[in-house]
2 protein chains.
Amino acid sequence: MEEKIKRLKELLAETTNLRAASSVLGWDQLVNMPEGGAADRGEQIATIESIHHQKSTADEVGKLLEDLAKYVKDLNPDSDEARLVKVAKRDYDKQTKVPNKYVVEFARVSTIAQSVWEKAKMASDFESFRPHLEKLIDLRRQYADFFKPWDHVYDPLLDDFEPGMKTKEVQEIFNTLRPRLVALIKAISEKEQVDKSFLSYEYPEKDQRDFGIEVISKFGYDWKHGRQDKSAHPFTTSFGLNDVRITTRFKEDYLPTAMFGTMHECGHALYELGINKDYNRTPLADGASMAIHESQSRWWENLIGRSQPFWNHFFPRLQEIFPSQLGNLDAETFFRGVNAVEPSLIRVEADEATYNLHIMLRLEMEIALMEGSMEAKDAPEAWNEKFKDYLGIIPPDDAQGVLQDVHWSFGGFGYFPTYALGNLVSVQLWEKMESEIGNPEELVLNATFEPILVWLRENVHVHGAKYEPQELVQKVTGSKISPEPFIRYLETKFGEIYRL
Amino acid sequence: MEEKIKRLKELLAETTNLRAASSVLGWDQLVNMPEGGAADRGEQIATIESIHHQKSTADEVGKLLEDLAKYVKDLNPDSDEARLVKVAKRDYDKQTKVPNKYVVEFARVSTIAQSVWEKAKMASDFESFRPHLEKLIDLRRQYADFFKPWDHVYDPLLDDFEPGMKTKEVQEIFNTLRPRLVALIKAISEKEQVDKSFLSYEYPEKDQRDFGIEVISKFGYDWKHGRQDKSAHPFTTSFGLNDVRITTRFKEDYLPTAMFGTMHECGHALYELGINKDYNRTPLADGASMAIHESQSRWWENLIGRSQPFWNHFFPRLQEIFPSQLGNLDAETFFRGVNAVEPSLIRVEADEATYNLHIMLRLEMEIALMEGSMEAKDAPEAWNEKFKDYLGIIPPDDAQGVLQDVHWSFGGFGYFPTYALGNLVSVQLWEKMESEIGNPEELVLNATFEPILVWLRENVHVHGAKYEPQELVQKVTGSKISPEPFIRYLETKFGEIYRL
């Protein structure tokens, strides 16, 4: 059995290395590649991905996993070996259920759909994207069918991002959350709006970058194992557990974009860098799920980066860097400004209170599209109606409405709910940490982030993908993913900011 | 047969894509990678290279090539299809002659040797490198033996860089060249040295970079298919024929390093970018040999970049950029300064006249080491003796002597002669171009490089690896690689500069 575990790890290392190589090619494409390289790069990535799929669905892997499944029954089920075999088997079973023909077809359709979507969004022309969306919906429904029987057609899609989680669980959480959010936003809307005009002054890119680097260096981002570059859309990518890179984008006339984006991506990177190094080159060297990943990015972006103690510490520094823009402001006003709550059109720019409503709208639409109770052609109108219903505003065009996000164009149905779940989990973890290490606000006020990072590492990061997300949250906090802590957090925070 | 050609191209595209992926990983390692990523990157590249080796030596490839070899006999032997099969078969035969066990062993030994060499060079400590050099010599002799029978043990090594070329041919060329070079250098040494002190003033990196970009943009480097970054040692790399990148390094107290380095790497890149796009993702999408590649880099660096008309055009611009450093100089003085001939220790910084002597010394030593008539332990002393003999100076330490170049540390015996051959070929091609397009100096004087680039494209670049180097030179110039044009060029150029 020793031999078989060893051989399994060799095979998993090979597929993990291929996946890392593909990630390097993808990162380079978005960060460095001259435009002329695009077609060849597509072919190079396709070759690597195709070999990756062959290797990860090879009979030898299946046979080893079957033999080892019996063997690990005698081990502690939470031991690294037992979990490695379990996670590898889960991945293998999922991948082998999907015919190669489907994988190729889906790759082809989604690649074309993405470039069509880019142009469609630019021209706010839903009709040109519609046939591609229809094809993708059809393909994702086919995909779900490979995993029959299921309780809900959306379950297999969600499971790709939140292993083990069911649609019904998410719906229940959202049903509790929704009325509380709506009530909070209504209460805020009746108060005087805070000033945030100073966020739209002119802020030179170089100074923004320097401040971001200063902040995330204090968070604990290790530049010997990472770097920051520019890209059209910010993202984090890892090439193994020792090289985890982030990207950002700058708007010189809107300070929050790069500032909070940098903290956000740093949160993702700190997670990957904190995973047990023994898991390197295995499927455990990954986040537990997208929601857990998002809990980490939101932690540094919102719970820390948009907190009063954070700005009490950092605002004087920010004033030094931008004296003409911020010289006459105080930390309190700045803190309130970066937390202004206001229904807005674009999800990625939404505040903490309205953000989750953007997600709920998308989940409802995805479920309806997958169930077949809504057709793609009706999506723009349904979007606008729901938007009015949830946020009280109607998008002026589809570019700012149904076409705004990239996710559907790559067939990523099932992804959106993880953003909202991540927000909830972040606060659950924060409350638990608070109960264990005392007064984190004091640490933030002094920019002493190490005890906070250490707590996250020991309780969350180190485990990598060893546990499913619900298991992990249960293990750390004592309960499953729940909206209550998040609601408490919002009501307290915005109660103070808006004097509710 | 149509089917078989199609299938062969599919398989070759797959291996070419893998090689490109490996190159992206290698480029990133030298340009971007945080130091913590090194170990994982090694594993990732090893995985890709191992799959590349398996795929390129697969039985299916061998069988297809055998079948197609018969088929292409009926084609024009210079047709693309016939040449593709020929080159693919040559590569396949070479690769399959080398046992996988050897490939793994050589990779292991040379990886370690490179890192030992780096430290040994830093400490000028040959003894620590010696055992690794001995192993590498032994391994390269084993390698040569896989290709028996041969005329000379050095032939199979040379053939990896100069397909089809024999040791004897190179020796004959060098035997003609040597006395003429020695005589020229002696004549120069009896004249008054030109002033070059101004090259060592302070030149800010940013301005150096801007000037370099301006020059190579005029050469015709296409930024939609390339980019320039910094690295410890400059190099050119291509990820297919549509993304060919260069790197450079800057010395703020020595202007020529980045300036001529940038033109040099641009020459390599223009070659790759000029290859027939129909060859993309096949083994024909490559230079004909290292010597032909070097002829292209030296063309732009020396024949153009170190020429009088070039500086008559560009020196006023350089003065604009560096007014305090160069304001009082004239183009003639600058031109003479960048062409100063002087025996020096370091090959990569040698002038055009002495450069090839550095190469001859290395070739003699490599041949003696491979033949076994010299042992590794005697290399430092032999180096110093030969150095005194050729260049009249003795290296003060091994760091500036036998340890100066990286090539032996990765087992690259056979590589050095290509540098000298490249110098010769560049002038042969220049004379041919001159006879066809009239007055290239006039074009250079006006910085109108397009007709020059077009001539290179049509006569050299477009063919890629279709012809062997000697075939190509014969085809373009009407004779094989020959030292006469190069000697004529040097004697004329330095005759004027030094008033011989």
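At what angle do the axes of helix H9 and helix H10 of chain A cross, and within what distance do they come?

Guide: This is a predicted model. In chain A, helix H9 covers residues 205-219 and helix H10 covers residues 255-273. Their axes cross at roughly 30° and come within 10 Å. Angles under 35 degrees count as roughly parallel, so H9(A) is roughly parallel to H10(A). The crossing of H9(A) and H10(A) is right-handed.

Now the residues of that contact. H9(A) contributes A:Gln208, A:Phe211, A:Gly212, A:Val215, A:Ile216 and A:Phe219. They meet A:Leu255, A:Ala258, A:Met259, A:Thr262, A:Met263, A:Cys266 and A:Leu270 of H10(A). By class, 10 of the contact residues are nonpolar and three are polar. No charged residue takes part in the contact of H9(A) with H10(A).

Helix H17 (residues 417-437) and helix H20 (residues 469-477) of chain B pack at about 20°, with their axes 10 Å apart. That angle makes H17(B) roughly parallel to H20(B). The crossing of H17(B) and H20(B) is left-handed. From H17(B) come B:Val425, B:Gln428, B:Leu429 and B:Lys432. Their partners in H20(B) are B:Val473, B:Val476 and B:Thr477. The contact of H17(B) with H20(B) holds four nonpolar residues, two polar and one charged.

A further pair in chain B is set at another angle. Helix H3 (residues 59-72) and helix H4 (residues 80-97) of chain B cross at roughly 140°, and their axes come within 10 Å. H3(B) is therefore oblique to H4(B). The crossing of H3(B) and H4(B) is left-handed. On the H3(B) side, the contact is made by B:Asp59, B:Val61, B:Gly62, B:Leu65, B:Leu68, B:Ala69, B:Tyr71 and B:Val72. H4(B) supplies B:Glu81, B:Ala82, B:Val85, B:Ala88, B:Lys89 and B:Tyr92. The contact of H3(B) with H4(B) has 10 nonpolar residues, one polar and three charged.

H2(A) spans residues 38-56, 19 residues in total. From first C-alpha to last, H2(A) reaches 26 Å, close to the expected 27 Å. Its buried residues include A:Ile45, A:Ile48 and A:Ile51. Also buried in H2(A) are A:Asp40, A:Arg41, A:His52 and A:His53. A:Gln44, A:Thr47 and A:Ser56 are on the buried list for H2(A) too.

Between helices, the backbone deserves a look. The peptide bond from A:Lys148 to A:Pro149 is cis, with omega near 0°. A:Pro149 sits in the loop between helix H6 (126-145) and helix H7 (155-161) of chain A. In chain B, the bond from B:Lys148 to B:Pro149 is cis, with omega near 0°. B:Pro149 lies in the loop between helix H6 (126-145) and helix H7 (155-161) of chain B.

Two loop residues have positive phi. A:Ser124 is not a glycine, yet its phi is about 50°. A:Ser124 lies in the loop between helix H5 (100-123) and H6 of chain A. Its relative accessibility is 25%, so A:Ser124 counts as partly exposed. B:Arg281 has phi near 65°, positive in a residue other than glycine. The loop between helix H10 (255-273) and helix H11 (290-304) of chain B holds B:Arg281. At 22% relative accessibility, B:Arg281 counts as partly exposed.

Technical notes
Residues numbered from 1 in each chain as written. Chains lettered and ligands numbered in written order. Predicted model: local features only at pLDDT ≥ 70, side-chain atom pairs only at ≥ 80, totals over all residues. Heavy atoms only, no water. Helix = DSSP H or I, 4+ residues; strand = E, 2+ residues; numbered from the N terminus. Expected span 1.5 Å × (residues − 1). Buried < 20%, exposed > 50% of the residue type's maximum accessible area, 1.4 Å probe, protein only. Axes fitted to C-alpha atoms, helices over the stretch in contact; angles between N-to-C directions. Parallel < 35°, antiparallel > 145°, perpendicular 65-115°, else oblique. Left-handed = near helix turned anticlockwise from the far one by under 90°. Contact = heavy atoms within 4.5 Å. Nonpolar A, V, L, I, M, F, W, Y, C, P; charged D, E, K, R; others polar.
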